[in-house]
Structures are given as structure tokens and as C-alpha cells.
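Please open the structure in your viewer and keep the selection tool at hand. The tour below goes from one stop to the next, saying at each stop what to select and what is there.

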Amino acid sequence: MRDPLASTTLSLGRPRSRCAWRSLGRVVAIGSVTLAVAVASASTPPPAAPPATTQPTPPPAQPPATPPATPPTEPPPATQPAPTSPPATVPTTAPAIAPSSSRSLTPRPGEKPRRIYVIEDKFSEFYGIVRAEEDDRVILEQVGGKLREFYRSRVLEIIELVEPEPGQPGVVYMRDGRSYSGTIISDNYDGVEIEIKGIKQRLARRDVHHVTLTLTPRQFYEKARKEIGADQFTDRMRLARYLFNKKMYLEAREELISLLQVIDLHEAKELLRTVEAQLSLQNPVPPSVAPEMEPPPGALREDNTGKGPVRFLDTLPDRLLTDEDVNLIRVYEIDFHDPPRVTVSPDTIRELIEKYADSELIPENAEARSALFRAEPIRIVRLMFDLKARELYPKIEVTSEPHALALFRQRIHNTWLIGNCATSRCHGGVDAGRFFLHTKDHKSDRVRYTNLLILERLRIPGKPPLIDWEKPTDSLLIQYGLPRDVARYPHPDVKGWEPVFTRITKRLIDDFAAWCKAMYQPRPDYPVEYEPPQLVSPDEPETQIGDEPDRVPR
């Protein structure tokens, strides 16, 4: 006799409607109960019967391969019919993300949202803020609040955008293999802003691959303090020198004082004196708290009007270059391989075309001439230089400092020239003699460029020039800063004088040579009317100014 369950299952076939699927579910449920009864009865000894007439119990019917439209429910008790579930409703709009019920994606607590740029393939790229991630799955919030889901294994690259601190250096790696080092200002979805040698540039995101940040001096200092042991005196000295080079004078003084408390190092003492001098320049003693001192000899002189003595300090030279002179010097120091930002007005371009219309460098047709008004300003400046239109140079506005002049400011003037050579008891005061440097408001452009012109134009009889552009180490400025026993032209024996360039400050000479090499060669003749001031006694012969080598006008 055949099993009724088996015959029922074999006769079902493939249901063709939703009602047929529900009927099949009830049949399967009843069949399961029947199977359980059959298994229970099989556990007791069967009655005696011929073996040939016994049929094996077939396996329970398998559910169809295609899942039903409604999720399966537990079968109800056999005494009650199974309730009929309503058909599933399909939403009109699908949600932006349908997270899997087997995974729980939650944002990481306490973390700053991370910005990423995703290269899905060579045709598609997208970006946003990471809101949740787990294993291979990432949920991204795009601009406008729209969420997007993707899998790490299904995209080409995931680039995390950086969050630079103010002044933090880094490297921008381009997609074509190039790289740029400088100060990273921002790393955004549309591009990267970087400052290279004082010039800000914006690189489009389509050209940028990724950005890496290097430690700021403050971050490096904090990291080094944790890693350098108290007995590692050489490394501690190197750290102090690093802080000095980065102009972190307070931190350098703290490290040097701490180092000298445990070991007596001559090198540390010398560097500490230099650090203290730099700190005194940054924070001069206000006149209200400065101790009253007797004026040095020669500081007072009789007034010709008979009204009594006047302070010689009030009669120090105060003539400086004008802002126009400063701009003109910048024009003459433009390096077209690393140009500064410049501006040329349309009136100047029109004047250039009219004055040099006969030159083959000026296009003849109107369309090409009109294109000059749309050209990059630095291209117009280059055209002026090629035409030697020097009468138009003052009309070029240089809005950022050329590289060579920035080196003079950063590595010469503000680093050691003012702090060592232009003090009130040296070449910045009443005893300056033939070589006088301006110190009041020394960080202004007018003061700095005036001192530059003094260094270039002043000649001392019987001595080499203050700046030897071809052999920088032979410059009198360098020779006077060396210890007397090694200098070919020793500094005069003056009370309180100390050498600027020692074994630990040799880098300053290298910086001076690098600056000389960066300045325009051969040296141009700046069309600026200025004669270096001299503080000499009436019976002393004045220094000759006009004894200068031939200069090539640019």
C-alpha cells in the first residue's frame, strides 16, 4: 500500500498562482505532521507481515526553489487552519540605503567624521563623509545629505582627505607622478590649496591623487621629547638646535637650560647666548621699565641754536626707500622660473603696444593684439623685459615677494643681520661709523629693502665689497662675522664684539651663499636714488660710494 503523503507530494506539480502556493504550504504543514506520526510509529516493533509488502517512508517534500512572495510563517496548530497573510505591498520609492538585517552599521563614537574621495572606476568618482562602516561595507553621506552605500572590494581606490593644521607642511602627489612640497592649506573635494615658497596655488582634484602631511615643528618637538632619554645629551643638543632653526626660541632656551643643569657643554652655552639675543630682539624692554642709564660718550651734542644738548640718537638717519622703490626692486628680481604674483593694468598693456608697435615681438593683427589683454600678467612682464621697456617697469605691480628677496628676509636680514650687526651698540646706533643699518621697525619692507641697498652700494676703502656676488664667502659681511683668528679681514677690535659665524652656526654662511646665488645675475642697476648714510666724525674722510663695478641694466 502506498503512503498517502508520498502520493500527495508526487501529484502536486509546479503551482502556477499565489493561491496554489498557499495551498502547498498547508499541504507541506500537514505532511510534516503525518511524517512525525510515521516516525513515532516506526520506533515501535512493526506487526508481523511479509517483508515484500512493506514500503519505505519517502522523505518530506522540499519547498520550491523560488521563494514565496510572503515570508513563511510557523504552521498553526493542527486543530486550526493556517491564517492567510495579506499580500506584501511594494513601497513607491526605494530608500537611499537598505542595510542588511544581518549587519548593524553604527558610527564610531568619539571620532571626527572622515572625508574620503572614492575612485570607483576610470569613469566614476564620488566623495563624502563616512557615517558608518563595518568590514567591507561603507555608508557615505554625500553633499546635500544623501546617503550612499558601497563596498571596498568593488572600487579601485579610497583616498582619505587630510585635515592640516595651520602652517603644516606636506606633499601633494599628482596622478601623473609629479609631487609638490609646501605648506598644505586645505584638502577639499574640489582640489588642494598649497603654498610653495610663499606663493599659494590651487590644484584641481582631477589632477591630484592624494596628500600626505609631515609633522609640524611643534608636533616634532612633542614627539622628540617623549622619545629622547634624559641621558642622550647629543640628541638633546640636536633637538635644541632644531628648535633654534625653526625660531622656537622659548622652547630652545628651555631645552638648553635643562641640558646645562646636568652637563657642562660649551656648544650649549654658545647656542643659549644666541637664543637669548633673539628673544631680546623679539621682546625689547619697553622704555617705561628700562633702567635709566647715563648716555654713552658722544650720545649728546650741543645744539647750534643754543638751546642746550640734544640726544644724538634723535639725529640718526631716517631716510628710507619709498613703497614705489620697493616695488621696483621686486620687479628687477623677478625669476621667471619661479615667478611671484604680478599685475599689469590694461592701460599699461595698451601703452606697451603703442610704443613698441614696430617691434617684431608685438603682433601685427588686431586679434593677436587683443589676446595680449587676456594673457597671463607674467607673460606681459616677460614681453616687457624682452623689449627692454624699462620706462614701464614701475607700472608693474608685484604683489608677492620674489623668491630671492624672500630668502634675504627669512635667512639673512631677520635671522642674524639685525640681531648681531645692527644693534644699538654696533652698526645700528651712534657708533655705527661708515656702516649704518636701520633697525626701527626692521620687519617692514621699506626698512629691509633700504638695508639691502646699503649692503649692495656701500664701499669701504681698502676693503672688499660687503657682498661679493661671485664669491659669497669673500664678502666683507661674512669676513667681519668670522672669528678673528680665521678671518682674512678680521673685524676691528671693538669692545663687546662676538663672532656671528661659529662652528654651530656654519649653516648661516651656507644660507648667505644660497641667497647670493638666487639673486639676479649679473647684478642689475636698480634705478633707485639712494646713498647709504654714514656716521663719521668731521675729521674722518667719508667712504666713497661711486666706486662700484659696472652693472648691467635689466
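**The whole chain**

Among contacts in the chain between residues at least 6 apart in sequence, 58% join residues at least 24 apart. Keep in mind while you look around that this is a predicted model. With the chain shown as a cartoon, you can follow 14 helices and 14 strands, and if you colour by accessibility, buried residues make up 35% of the 554 residues.

**The largest nonpolar core**

Next, select Leu352, Met384, Ile396, Trp416, Leu455, Phe512 and Trp515, which touch the most other members of the largest nonpolar core, a set of 64 residues. The elements that give two or more residues to this core include α7 (323-332), α12 (445-457) and α14 (507-518), while the largest share, eight residues, comes from α11.

Stay with Met384 and show what surrounds it: leaving aside neighbours within four places in sequence, Met384 is in contact with Val344, Thr348, Leu352, Ala389, Leu392, Tyr393 and Ile396. A second, separate core, which has 18 residues, includes Tyr221, Ala240, Leu272 and Val275.

Select α8 (346-355) and α10 (377-387), and turn the view until you can look along the pair. How far apart are the axes of α8 and α10, and at what angle do these helices pack? Their axes are 12 Å apart, and the packing angle is about 30°, which makes α8 roughly parallel to α10. The crossing of these two helices, α8 and α10, is left-handed. If you show side chains here, you will find Thr348, Ile349 and Leu352 of α8 meeting Ile380, Leu383, Met384 and Leu387 of α10.

Now move to helix α3 (residues 217-227) and helix α4 (residues 233-245), whose axes come within 11 Å and cross at roughly 170°. Angles over 145 degrees count as roughly antiparallel, and α3 and α4 are therefore roughly antiparallel to each other. Here too you can look for the handedness, as α3 passes α4 in a left-handed crossing. On the α3 side, select Pro217, Phe220, Tyr221, Ala224 and Arg225, which meet Leu239, Tyr242 and Leu243 in α4.

**A serine in a loop**

Is Ser400 buried or exposed? Ser400 has a relative accessible area of 6%, and because buried means under 20%, Ser400 counts as buried. Leaving aside neighbours within four places in sequence, Ser400 is in contact with Arg330, Pro340 and Arg341.

**Backbone details**

Most residues other than glycine have a negative phi, and most peptide bonds are trans. With that in mind, select Lys247, in the loop between α4 and α5 (249-260), where phi is near 60°, a positive value. Lys247 counts as partly exposed, at 42% relative accessibility. Then select Lys388, found in the loop between α10 and β14, where phi is near 55°, again a positive value in a residue other than glycine; at 48% relative accessibility, Lys388 counts as partly exposed.

For the last stop, go to the segment after α14, where you will find Pro522. The peptide bond that leads from Gln521 to Pro522 is cis, with omega near -5°.

Key: Residues numbered from 1 in each chain as written. Predicted model: local features only at pLDDT ≥ 70, side-chain atom pairs only at ≥ 80, totals over all residues. Heavy atoms only, no water. Buried < 20%, exposed > 50% of the residue type's maximum accessible area, 1.4 Å probe, protein only. Contact = heavy atoms within 4.5 Å. Core = buried A, V, L, I, M, F, W, Y, C linked by side-chain atoms within 4.5 Å. Helix = DSSP H or I, 4+ residues; strand = E, 2+ residues; numbered from the N terminus. Axes fitted to C-alpha atoms, helices over the stretch in contact; angles between N-to-C directions. Parallel < 35°, antiparallel > 145°, perpendicular 65-115°, else oblique. Left-handed = near helix turned anticlockwise from the far one by under 90°.
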